[in-house]
Amino acid sequence: MRLVRLADQDRPEITFCFEGAACTAREGDTLLTALLAGLAGFLRQSEFEDGPRAGFCLMGACQDCRVMVEGQGRVRACTTRCTAGMRVRRA
Amino acid sequence: MKVAVVGAGPAGVRAVEQLVRAGLRPLWLDEAPDGGGRIYQRPPAGFRRGAAALYGLEAKRAQALHAALDAAKPAAEWRPDTLVWDVTWAEKRLHLLHQGRAEAVEVDAAILCTGAMDRVVPLPGWTRPGVTTLGGAQIALKAQGCAIGPKVVFLGSGPLLWLVAYQYMKAGANVAAVLDTTGFRRKLGALAGAPHDPVTLAKGLYYVARLRAAGVRVAEGVTPLAIEGEQPDAISALRWRDAAGREHSTACDAVGLGWGVRPELQLADLAGVPIGFDTVQHNWVPQRDALGRTPVPGLYVAGDGAGIGGAVVAEMAGACAAQAVLDDAGLPADQKLVNRLQRRLRRQARFRAALERAFPFPISLAATMPDETILCRCEAVTAGELRAAAAPEGPHGAAPEVNRAKAFTRIGMGRCQGRVCGAAAAEVLAAQLGTDAAGIGRLRGQAPVKPLPMPAWQGESA
């Protein structure tokens, strides 16, 4: 899945870390935006082996977009702001 | 008197505004960092699009609500980023979570303005990355300036389908098709001769006309078949059947889908408010009077969380619920305002009934989904597994209602608590048992209404 940045994208770049690799996002991105507008493709593997997942409702209800953030534990990517230096892994 | 208002969407804003006007300082809670609800969600700081670009024809209404929101924040005990995860109303206690820390607060009354989320019908492939709700697709654009993919198909029924497709087109996204499962005749038949809102209808027709004029493929009365992809983390096409029975495959990288919305009523449920099935909107809704009073003393509901009415209705309902709180507490209420709003709400309810008839929940589409479809995406339970739970020859006998089926199959037992699959699961089970959604029951709410970190819960302070 790849989000396409269409509007309001002239925001300062920030860097964060996903699965050990340095990535860029823009100030104001949610983690979901930062990861899926980047090259992550998906956010986690379903624990029932039915494939990768990348969120669904984008409004904090479906709980499908969880990722691991160092120091915060498991969070919803859609309601968590991506900040500079954040270290993120697939949940 | 301590009044809590849960939610800062259209209903919550107008409720707080009225309480403040009466000299109270309500405790105002919202899970999001800002108010506005999902419909009038504002992007974070640093985004520059104006109201016209963000909210289109609703720009004036959004701006008015934002002005009221910003004016009410300092006059209330405004606590954003705060999830209400349980209500234990015997002690009139709300259980909160803020930045990983839990806390309980006691109040005299509460107005629950918890809003709604998309109502979905699962189809094969819907758990693939690239598929979102219509509401989710709209939030990606509105709050983040992003499209859900390079080439998007919108699928479902209802006003949001056309609105989101139009907003995407207008923002420069590539909309491959808009596929409406409701036939044109059904919509026309429901609206002709019925009392409807001419403004809403005109807006809807405008969106459809603009999409058609832009050359977007539009089809009505379709049956979705499957979302397909070559890579596990991407989709490549949506397969569907047109009204004449011909099969099509539309190439796309993303699908936004939804069939109307359903109330987020978990907190009302936990507080002990009786929940009944509303046959007009085909949703479970909390029991309430015209002003939003529930049978539970001190507990009020307003906005889409109290039954779907949309943002215009929610604003009026929020103001009415606040007036009911004041009246019940023996404080002076604005009866003139209440009378005026009640007249308008009754009119809106008639419009709503026509709208619901025009865009009915596709019961048969849900009931006939293929056995292999993942129905519950949290627990990866298929439609076939749920149907098996209805069979009397199973190890436990037939599940006579949806909570029993949940115990047998884990359907609705996952992290979303059945918010996403519940409506469709009910239709699958009802069809199998020869009953209907009202007869099959609803998944009971459980605390916490959203996942809670264990250390937070252990450390709850009153």
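**Ground rules**

I am working with a prediction, where local features need pLDDT of at least 70, side-chain atom pairs count only at pLDDT 80 or more, and totals for chains, interfaces and linings use all residues. Residues are numbered from 1 along each chain as its sequence is written, while chains are lettered from A and ligands numbered from 1 in the order in which they are written.

**Entry 1: the domains of chain B**

I looked up the domain assignment of chain B and found domain 1 (3–117 + 262–356), domain 2 (120–259) and domain 3 (363–440). These bounds come from an automatic or database domain assignment. I then asked how far apart the C-alpha centres of domain 1 and domain 3 of chain B lie. The distance is 31 Å. Four residues of domain 1 of chain B are in contact with four residues of domain 3 of chain B (contact means that the C-beta atoms of two residues, placed from the backbone, lie within 7 Å).

**Entry 2: helix 10 of chain B**

Next I followed helix 10 (residues 335–358) of chain B. Helices (H or I, at least four residues) and strands (E, at least two) are DSSP runs, numbered from the N terminus. The expected span of a helix is 1.5 Å times one less than its number of residues. A residue is buried if 20 or more other C-beta atoms lie within 10 Å of its own, exposed if 12 or fewer, and partly exposed in between, with C-beta atoms placed from the backbone.

**Entry 3: where the chains meet**

I turned to the contact between the chains, which takes 35 residues from chain A and 48 residues from chain B. Strand 1 (4–5) and strand 5 (52–53) of chain A each supply at least two residues of the side of chain A that touches chain B. By class, that side of chain A has 16 nonpolar, ten polar and nine charged residues. I also saw strand 1 of chain A run antiparallel to strand 10 (residues 146–147) of chain B, joined by two bridges. Two strands pair if DSSP finds at least two bridges between them. Val4(A) stands opposite Ala147(B) here.

**Entry 4: a sheet in chain A**

In chain A I traced an open sheet of five strands in the order 3-2-8-6-7, with mixed pairing. Why do strand 3 (21–26) and strand 7 (73–76) of chain A each have one side without a neighbour in the sheet? They stand at the edges, so each has a single partner strand. The twist averages 40° from one strand to the next (axes are lines fitted to C-alpha atoms, for helices over the stretch in contact, and angles run from 0 to 180 degrees between N-to-C directions). Strand 2 (residues 13–18) of chain A pairs with strand 3 of chain A in the antiparallel sense over six bridges, and Phe18(A) stands opposite Ala21(A).

**Entry 5: a sheet in chain B**

Chain B has an open sheet of three strands in the order 4-5-6, with antiparallel pairing. Strand 4 (residues 82–88) of chain B is mostly covered, as six of its seven residues are buried. Six bridges join strand 4 to strand 5 (residues 93–98) of chain B, and Val84(B) stands opposite Leu96(B). Their hairpin has four residues between the strands, and there Lys92(B) takes a positive phi near 50°.

**Entry 6: loop residues in chain B**

Asp81(B) is not a glycine, yet has a positive phi of about 55°. Asp81(B) sits in the loop between strand 3 (77–79) and strand 4 of chain B. Is Gln99(B) buried or exposed? Gln99(B) counts as exposed because it has 8 C-beta neighbours inside 10 Å. Finally, I noted that the peptide bond from Ala447(B) to Pro448(B) is cis, with omega near -5°.

Notes. Nonpolar A, V, L, I, M, F, W, Y, C, P; charged D, E, K, R; others polar.
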